[in-house]
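Reader: I have a new structure open. Please walk me through how to read it.

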Amino acid sequence: MTEHTDKHYELQLRNLKETILKMGGLIEEMITCSVKVLTERNSRLHEELTIKEKEVNSLEMEIDEKCLEMLALRQPAASDLRFICIGLKISKDLERIGDLAVNISQQAMELNKEPQLKPYIDLPLMATKSQKMVKEALDSFVHRDAQRAKSICEMDDEVDDLNEKIFDELVSFMQKSSDAVSRGTRLIACSKHLERVADHATNIAEQVIFMVQGQDIRHGR
Amino acid sequence: MNKAEVKKLSFYYSSVQALKDISLPIEEKKVTAVIGPSGCGKSTLLRCFNRMHDLYPGNRYDGEILLHPDSINLVGAHIDPIEIRMRIGMVFQKPNPFPKSIYENVVYGLKVRGIKKKRLIDEKCEKSLRDAALWEEVKDRLHKPAFNLSGGQQQRLCIARALATEPEILLFDEPTSALDPIATARVEELIEELKEKVTIVIVTHNMQQAARISDSTAFLYMGELIEFGKTKQLFTNPREKKTEDYITGRFG
């Protein structure tokens, strides 16, 4: 894209993009961490996660401040306006993903205190897919690639199906044995959190489509 | 419904072509903004509407500007510019009141038209000043010199003067560029109110102003119409890259 005549403005926009990407990078690490706490039963990683969460929270505020400043002082239009507006939304989605990663880790910490209920097969698969969706959403944002963003929205259905499958499986486990109820409920919560991560990745992808094409595809529009 | 239609309009300052084959509709009782960088032809386009270019020899129009409902071609050679200027008013960049009283400024156009009834003239004077949101500020000093007014008041006086003859279209050429932000806001508010009564075409360098007050926007570049559309669409998601580059400040 052609650069802005005002170099300072150009720099401000680039800086905003870099901050969003920095936050995105941290979020990817947080998901990896939380999944490891669960699947590798590595509770020590939880502390690392809480440190990252604080950093993510402060980045969210930094992004909001940068966006508001540019809206007030630059009166952006067209693609700049869309970029800044989605900056505000993406930071919110990323922050929520960070919270969900912490939630997964908290559940996993409790699960790790007891023997593993069953071998985890679909849950790591779901984690990989959700993680991939977040990564792809951020990549489509960097490359302004609406096509790539659209494929993310399609992946969300696969994650939803896995969530359903895990839920049914765990319910039948719990029906067979009351010992399984506590761990089963926690695993269902983890699965639900991963499903929500995928939803937020979908939100980001939808925002990217809006940024690139100016077309709002949310809610089947 | 369209109040006017620009059709394949080209304009030449002698041998220099300033407008190239421009076509766009002017919607009735709406505000149409014309934006573009310096020298793109936006003021030239505006001045075609009331034939201001006729003042200089060698200038030439091609194409049409049809004024509805009678569909007369405003740039047609056989059309009398004086006749046109009675139907199309204009407000300029700098306030330009006559060196007369406030009252005389407003009623000037009426007197030129031979209206003599004082009561009618007084009524029209008050109505025009009210419509221009100036009445309350000047009603007690109507016969004082117009030059005593502030810049913003003088500009609203010029709007009142243009309104007195009840034009069908009102042309604004950078009407607030010489005004402070408060006076600008008052003129913008006024334009918003005036569109209930009159069709407005405004040329402005201030893109935020175009975005705030217009319904449709035309973007001109080097004498060509690059894009015309609803203001909301043009400022959030323009179709043309040149428009995008201009409104986001990526030009040159």
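**Reading the model**

Author: Start with confidence: chain B averages a pLDDT of 94, and 100% of its residues score at least 70. pLDDT is the predictor's confidence in each residue, from 0 to 100. This is a predicted model, where local features need pLDDT of at least 70, side-chain atom pairs count only at pLDDT 80 or more, and totals for chains, interfaces and linings use all residues. Residues are numbered from 1 along each chain as written, chains are lettered from A and ligands numbered from 1 in written order, and side-chain values use heavy atoms, without hydrogens and water.

Reader: What scores does the predictor give the complex?

Author: An ipTM of 0.73 and a pTM of 0.83.

Reader: In what order do the strands of the open sheet in chain B stand?

Author: First, the terms. Helices (H or I, at least four residues) and strands (E, at least two) are DSSP runs, numbered from the N terminus. Two strands pair if DSSP finds at least two bridges between them. Here the 6 strands of chain B follow the order E6-E7-E8-E3-E9-E10, with mixed pairing. Strands E6 (88-91) and E10 (224-230) of chain B are the edges; each has a single partner strand, so one side of each lacks a neighbour in the sheet.

Reader: In which sense do E3 and E8 of chain B pair?

Author: Parallel, over 4 bridges, with E3 at residues 31-35 and E8 at residues 199-203 of chain B. In one of these strands, E8(B), Ile202(B) is the bridge partner of Ala33(B).

Reader: What does helix H6 of chain B touch on the sheet?

Author: Contact means heavy atoms within 4.5 Å. Helix H6 (residues 151-164) of chain B packs on the sheet and touches E6 and E7 of chain B. Angles run from 0 to 180 degrees between N-to-C directions, with axes fitted to C-alpha atoms, for helices over the stretch in contact. The direction of H6 makes about 175 degrees with that of E6(B).

Reader: How do E9(B) and E10(B) run?

Author: Antiparallel, joined by 6 bridges. Leu220(B) has Leu225(B) as its bridge partner in E10(B). Their hairpin has 2 residues between the strands, and Met222(B) takes a positive phi near 50 degrees.

Reader: Which side chains meet in a salt bridge?

Author: A salt bridge is a side-chain nitrogen of Lys or Arg within 4 Å of a carboxyl oxygen of Asp or Glu. The rule finds 1 across this interface of chain A and chain B. Asp80(A) and Arg250(B) meet in a salt bridge at 3.2 Å, N to O.
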